[in-house]
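Reader: I would like to go through the labels one by one. Please set each value against its definition.

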Amino acid sequence: MKAIVFDLGGTRIKLGLVSVSEIIIESILPSFSSDGLIPRLKVIEAAVADMLAKTKTHVSELIGVGVSIPGIVDTKKMRVLSINKKFADVTEFDFNAWTQKTWGLPVYLENDARAALIGEWKYGAGRGCDNIVLVTLGTGIGGAAMIEGKLLRGKHYQAGCLGGHFTININGTKCTCGNVGCMESEASTWRLPELYKQHPDFKKSKASTSKILDFETLFTLAEHGDETSTDIMLHCLEAWSAGIVTMIHAYDPEKVIIGGGVMKSEKIILPYIRKKVSQHAWTPWGNVEIEGAKFTDHAGMLGIAYLLNKQLTE
Ligand SMILES: [Zn+2]
């Protein structure tokens, strides 16, 4: 079984040729997602042609095209129902018509966090466990839940994947989703510059001279004793812990897998969240395992390839 897979991220489009659980070749393109997906199609098609040529793969060897995307996805009609800012034109876009016309192949579309959860479940940190919550901490906060071996989707396909928009602060900041005080609007990469600038001691902090105010900057400065950065780091760790406790109460997992670029600092993040979860989560049956994702980049591509194959062979 070989398939083409796309992981459409806000800043990067990852493309791959996958054979079962092996990524044979991959390619990365800038997304320019604020311009939409349609202007990128020709570049994507050319990159696929290049991957097929380099691996001497003929289209007839492929079973389909898997697409993982950060939006709410109707997995029956293979349409994106809603997406927050990035690739805004995809709600009007017929993915299956495009893949049929271009390669003569069917498409399988799924929310990116759900695809990543499947990748971790089959091949990574979730192996052997059928009750999992996955949360990705990054520009935004994504989530997905699996209960008794089944992905939670819900009537409107939004169950489990809006964990980043659980309310953790009723007096909090307005979120891009319309809510106030979401886990994402309290502690994500897009909120971080504001958290710094609103801090009373920002001008005393080394961060005030930093061009990029991201989590890498934050954890590095906190490690070197920058007090403002340490304050904000603790705020974010508390916000993530509160969100994860709520996810545990909502979905009853045995394991929470945490992914995203922020996990470069997992030595700080994991022990903190484990302690908070053991103090605050109501789980009379025992302790929820809190683990870092195994894959930093490939869980979504492997997961969408698995879902595509399962869909076509069921
Ligand atoms: Zn929100």
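Author: Start with pairing: two strands pair if DSSP finds at least two bridges between them. Strands here are DSSP runs of E of at least two residues, and helices are runs of H or I of at least four, numbered from the N terminus. This is a predicted model, where local features need pLDDT of at least 70, side-chain atom pairs count only at pLDDT 80 or more, and totals for chains, interfaces and linings use all residues. Residues are numbered from 1 along each chain as its sequence is written, and side-chain values use heavy atoms, with hydrogens and water left out.

Reader: What makes strand β8 and β11 a pair?

Author: Strand β8 (residues 132-137) and β11 share five bridges, in the parallel sense. The cut-off is at least two. They pair. Leu-134 has Ile-257 of β11 as its bridge partner. β11 is also joined to strand β12 (residues 289-292), in parallel, by four bridges. There, Val-256 stands opposite Ile-290.

Reader: Why is Lys-255 called buried?

Author: Buried means under 20% relative accessible area, exposed over 50%, and partly exposed in between (1.4 Å probe, protein chains only). Lys-255 has 8%, so it is buried. Lys-255 lies in β11 (residues 255-259), and five of the five residues of that strand are buried. Lys-255, Ile-257 and Gly-259 cover one side, Val-256 and Ile-258 the other.

Reader: How do you know that Lys-255 makes a polar contact with Glu-291?

Author: A polar contact is a pair of N or O atoms within 3.5 Å; within protein, one must be able to donate a hydrogen and the other to accept it, and residues adjacent in sequence count only if both atoms are side-chain atoms. The side chains of Lys-255 and Glu-291 are at 3.4 Å. The contact counts.

Reader: Why is the arrangement around the zinc ion called tetrahedral?

Author: Donors are N, O and S atoms within 2.8 Å of the metal (3.2 Å for Na, K and Ca); water is not among the atoms, so sites may look incomplete. His-165 (ND1), Cys-175 (SG), Cys-177 (SG) and Cys-182 (SG) lie 2.0 to 2.3 Å from the zinc ion. Four donors count as tetrahedral if all angles lie between 85 and 135 degrees. The angles here are 104 to 119°, so the arrangement is tetrahedral.

Reader: Are Cys-175 and Cys-177 buried or partly exposed?

Author: Cys-175 has 6% relative accessibility, so it is buried. Cys-177 has 40%, so it is partly exposed.

Methods
Tetrahedral: all angles 85-135°; square planar, octahedral: opposite > 155°, others 65-115°.
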